[in-house]
Amino acid sequence: MRVIYTDGHAVHAPKRFITRGAIVQSPERPERAEILFKAATEAGHVPVPAKAYGAGPVARIHDAGYLDFLENAWARWCALPDHADEIVPNVHSGRNMSAPPQHIVAQSGHYQADTACPIGAGTWEGALASSDVAVTAADLLADDIDGGDRGAYLYALCRPPGHHAYADQAGGFCFLNNSAIAAQHLRDRGAARVAILDVDVHHGNGTQGIFYERGDVLTVSLHGDPATYYPFFTGFAGETGAGEGAGCNRNFPLAQGTGDNAYMGILAAALEAVTSFKPDVLVVALGLDASEADPLAFCKITTDGFRRMGRTISETGLPSLLVQEGGYISDQLGDNLASFLAGFEGVRA
C-alpha cells in the first residue's frame with residue numbers, strides 16, 4: 001500500500017489543552033505521526049512524499065474568513081502584550097452573543113470551538129501540510145480510477161487530524177478537515193458520489209456539518225455516544241441530513257466499552273448504508289482511538305479487531321482513500337495501524 005506522508009506536520013506541536021478543568025499535555029503531538037509512519041513502513045508499505053498544493057483545495061471546503069484567521073492569528077497574537085506561547089480561547093461566542101468578532105481574542109473564541117486546538121507558531125503550516133497529504137492521495141487515487149483500477153486504495157498519513165474542523169471553526173485537535181477536503185477533491189476530479197465512513201471514536205462533527213445539506217457526499221460515523229462523550233452536541237442517530245442532503249448523513253452512536261464483536265455488527269449496518277448510496281469512491285476517516293489502549297479510551301477494540309475492521313471495509317470493493325484521523329500514543333498504536341492496513345490489503349492482494 002502507498003503511504004502518503006510529509007514531515008511538514010511537525011512544525012505544529014501543541015503543548016497543552018484543558019480537559020475537565022485540568023491543564024494537561026496535548027496527546028496530539030508530532031510523535032503520533034512518527035509512530036504511525038514507522039509502523040506502516042516496517043510492515044512493507046511504500047512511502048510517497050506529499051506534493052504542495054497550497055490553499056486552493058482547502059478553500060473548496062473552508063470559509064475565507066476562517067482561513068485568514070488561521071494564517072494570520074499567530075502574528076496578531078504576538079502583538080498582544082504578555083501573550084501566552086499558544087492561542088487558547090478564554091471566551092467563546094455563545095448563544096447570547098451576536099456582535100461579529102474583531103479583536104484577536106474574540107476571533108480565537110469564535111473560530112476555535114474548544115481548548116483542544118491551541119494555535120502556535122507553526123499551526124497554519126502544519127495543518128496545510130496535512131491537507132497536502134490528503135489532496136496528494138486523492139489525486140493519486142483519481143489517477144488510478146481514471147486508469148481503470150476500480151480496486152485502488154491508498155493511505156494518507158495526515159497529522160494534525162481534521163474531522164472535527166467545520167468549514168469555519170477548529171476543534172478537537174483539528175484545523176483543516178482533511179477527509180472533507182479529499183472528498184471534495186475527488187468530486188472535482190470526476191467522482192459523482194463520494195461516501196465518507198468515519199470510524200474514529202469521536203463523532204466526525206465537522207465533516208457532518210460541512211456536507212449536511214449536500215446530496216452528493218454521504219457521511220457515516222461510528223462513534224462514542226455523544227450524550228456522554230466529546231463532541232457532546234452532535235452525533236445523535238436522529239441527525240440524518242437536511243435539504244438536498246436529507247438522508248445522506250448516518251450516525252451510529254456506540255455504548256461505552258463496545259468491543260470487537262459488537263462493533264463489527266454495527267459496522268455492517270454502517271457499510272450497508274454506504275453501499276446503498278452507490279458511491280464512486282470511499283473515503284475512510286481512519287481513527288485508531290477506539291482502541292482499548294488509547295489514552296482517550298471509550299471503546300475496547302483490540303488490535304485484531306482493527307484487522308477485522310479493515311478487512312470488512314475493504315470487502316466493499318470500492319476505490320478507497322484511508323485518511324488518518326485520531327489515535328493517540330500507546331503501546332498498541334503502531335500495531336493497530338499495521339493490523340488495519342493488513343486486514344484491508346489482504347482482501348485486495
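## Pockets

Lining the second largest pocket are 6 nonpolar, 5 polar and 2 charged residues (Ala, Val, Leu, Ile, Met, Phe, Trp, Tyr, Cys and Pro count as nonpolar, Asp, Glu, Lys and Arg as charged, and the others, Gly among them, as polar). That pocket holds about 320 Å³ of space. Of its 13 lining residues, A113, Y166, Q169, N205 and F233 sit closest to the centre. Before going on, note that this is a predicted model, where local features need pLDDT of at least 70 and side-chain atom pairs count only at pLDDT 80 or more, while totals for chains, interfaces and linings use all residues. Residues are numbered from 1 along each chain as its sequence is written, and side-chain values use heavy atoms, with hydrogens and water left out.

The largest pocket comes in at about 640 Å³. It has 25 lining residues, and those closest to its centre are F17, T19, H202, Y230 and F232. By class, that lining splits into 13 nonpolar, 8 polar and 4 charged residues. As for the terms, everything runs on a 1 Å grid over the protein atoms alone: a pocket is an open set of points with protein on both sides within 12 Å along at least five of seven lines, a cavity is a set where a 1.4 Å probe fits but cannot get out, and lining residues have an atom within 4 Å of a point. Points are joined across faces, edges and corners, and a volume is the space filled by probe spheres set on them.

## The cavity

There is 1 cavity of 30 Å³ or more in the structure, and the largest cavity has a volume of about 60 Å³. Its lining includes H203, G204, D198 and R250. By class, you get 2 nonpolar, 8 polar and 2 charged residues around it.

Strand 6 (194–198), helix 7 (205–211), strand 7 (217–224) and strand 8 (249–254) each put at least two residues into that lining. Helices (H or I, at least four residues) and strands (E, at least two) are DSSP runs, numbered from the N terminus.

## Nonpolar cores

The largest nonpolar core has 47 residues, and the ones with the most contacts inside it are L70, F175, L176, L186, V194, F211 and L321. Helix 5 (residues 123–146) gives the largest share, 10 residues. Apart from this core lies another, of 45 residues, including C248, Y263, F277 and F306.

A core here is a set of buried Ala, Val, Leu, Ile, Met, Phe, Trp, Tyr and Cys residues joined through side-chain atoms within 4.5 Å. Buried means under 20% relative accessible area, exposed over 50%, and partly exposed in between (1.4 Å probe, protein chains only).

## Cysteines

How many disulfides are there? The count is 0, with a disulfide taken as a pair of cysteine sulfur atoms within 2.5 Å. For C299, the nearest cysteine sulfur is that of C174, 17 Å away. C78 is partly exposed, at 33% relative accessible area, whereas C299 is buried, at 1%.

## Aromatic pairs

The whole structure has 7 aromatic pairs (Phe, Tyr and Trp rings, the last by its six-membered ring, with centres within 6.5 Å; planes under 30 degrees apart are stacked, over 60 edge-to-face and the rest tilted). Y66 and Y111 make a tilted pair, 5.7 Å centre to centre with 45° between the planes. Y66 lies in helix 3 (residues 64–78) and Y111 in helix 4 (residues 104–111), so the pair ties together parts 45 residues apart in sequence. Both Y66 and Y111 are buried. Elsewhere, ring pairs link F17, F173 and Y328 into a cluster.
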